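Subject: Structure for you to look at

Dear colleague,

I am passing on a structure that you have not worked with before, and my notes on what was found in it follow below. Please have the sequence and the model open while you read.

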Amino acid sequence: MARVFITGSTDGLGRAAAASLLKDGHEVIVHARSSRRIPAVQHLLDRGAQCVVGDLAVEEEVRETADQVNGIGGIDAVIHNAGVLNGAALLPVNVVAPYLLTALIPGPRRLIYLSSGMHRGGDTGLDGLDWTGRTTTASYSTTKLQVTALSAAVARLVPNVASNAVDPGWVPTRMGGRSAPDNLELGHRTQEWLATSDDPAALASGGYWYHQRRQTPHPAANDPEFQDALLAQLAEHTGVTLEARG
């Protein structure tokens with residue numbers, strides 16, 4: 001059984017994945033943006049899940065979240081599920097937070113980053129981006145292209161970790177809206193499979209997945225030059241370097 005940390009798990013795909021993993025006998029650490037959101041996962045805590053709290057739009061709280069997770073320890077997998085659709089928090093939540101949590105939580109052998117099919121419309125330009133979130137300088141598509149590239153960069157730089165990105169589809173969550181056409185159940189199954197399965201395909205790294213099938217992402221996502229430029233910007237902003245290691 002695995003111990004899995006899931007960001008943004010008080011609703012939507014994150015909460016659905018947490019409930020499914022608990023049902024399958026895994027240990028789950030859920031994440032709430034604030035203490036006011038804990039009641040949304042109380043039913044999971046009653047079933048044995050643990051909870052950490054931190055606003056991923058605030059860098060200091062991201063670091064505190066990493067400290068809480070490290071205090072629990074023994075993390076086998078992280079599902080970087082948290083995300084926002086618009087507003088100034090796009091870069092901090094969708095890109096900076098998964099970067100920092102990847103760098104600051106040692107030990108997981110499996111990392112899963114939530115992308116989107118919309119990443120193919122993202123902008124590869126990195127100049128003038130406000131990583132602090134004081135102003136809106138990137139679209140949702142651009143942040144999803146960046147987090148897809150982050151996943152591929154981790155796969156390249158950290159070969160002993162299975163790092164993959166997942167397009168969950170356009171599913172009927174609070175973010176996706178009630179009219180979203182994709183299947184909610186299928187929207188979280190791939191993340192769970194990548195986090196826990198012994199299937200050789202799930203143990204591979206560097207994939208971009210949609211419903212347990214590998215897809216071809218935007219070419220920039222697998223471009224080492226773009227990856228390195230992105231990592232350099234994030235390291236400069238945070239003061240934390242994602243180290244290559246064998």
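The second largest cavity is lined by Thr 7, Leu 56, His 80, Ala 82, Val 93, Asn 94, Ala 97, Pro 98, Leu 101, Leu 114, Lys 144 and Val 147. Here a cavity is a set of points, on a 1 Å grid over the protein atoms alone, where a 1.4 Å probe fits but cannot get out, and lining residues have an atom within 4 Å of a point. The elements giving two or more residues to this lining are H4 and helix H5 (140-157), and H4 supplies the largest share, five residues. Helices are DSSP runs of H or I with at least four residues, strands are runs of E with at least two, and both are numbered from the N terminus.

This is a predicted model, in which local features need pLDDT of at least 70 and side-chain atom pairs count only at pLDDT 80 or more, while totals for chains, interfaces and linings use all residues. Residues are numbered from 1 along each chain as its sequence is written, and side-chain values use heavy atoms, with hydrogens and water left out.

The second largest cavity has a volume of about 60 Å³, a volume being the space filled by probe spheres set on grid points that are joined across faces, edges and corners. By class, its lining has eight nonpolar, three polar and one charged residues, where Ala, Val, Leu, Ile, Met, Phe, Trp, Tyr, Cys and Pro count as nonpolar, Asp, Glu, Lys and Arg as charged, and the others, Gly among them, as polar.

H4 also takes part in a helix contact: Glu 59, Val 62, Arg 63, Thr 65, Ala 66 and Asn 70 in H3 meet Ala 97, Leu 100, Leu 101 and Leu 104 in H4, contact meaning heavy atoms within 4.5 Å. By class, this contact of H3 with H4 has six nonpolar, two polar and two charged residues.

In the loop between strand S5 (110-114) and H5 lies Gly 133, which is buried, with a relative accessible area of 17%; buried means under 20%, exposed over 50% and partly exposed in between, with a 1.4 Å probe and protein chains only. Apart from its neighbours within four places in sequence, Gly 133 is in contact with Ala 88 and Pro 92.

Finally, the loop between S7 and S8 holds Gln 212, which is partly exposed, with a relative accessible area of 38%, and which has a positive phi of about 65° although it is not a glycine.

With best wishes

Conventions:
On a 1 Å grid over the protein atoms alone, a cavity is a set of points where a 1.4 Å probe fits but cannot get out, and a pocket is an open set with protein on both sides within 12 Å along at least five of seven lines; lining residues have an atom within 4 Å of a point.
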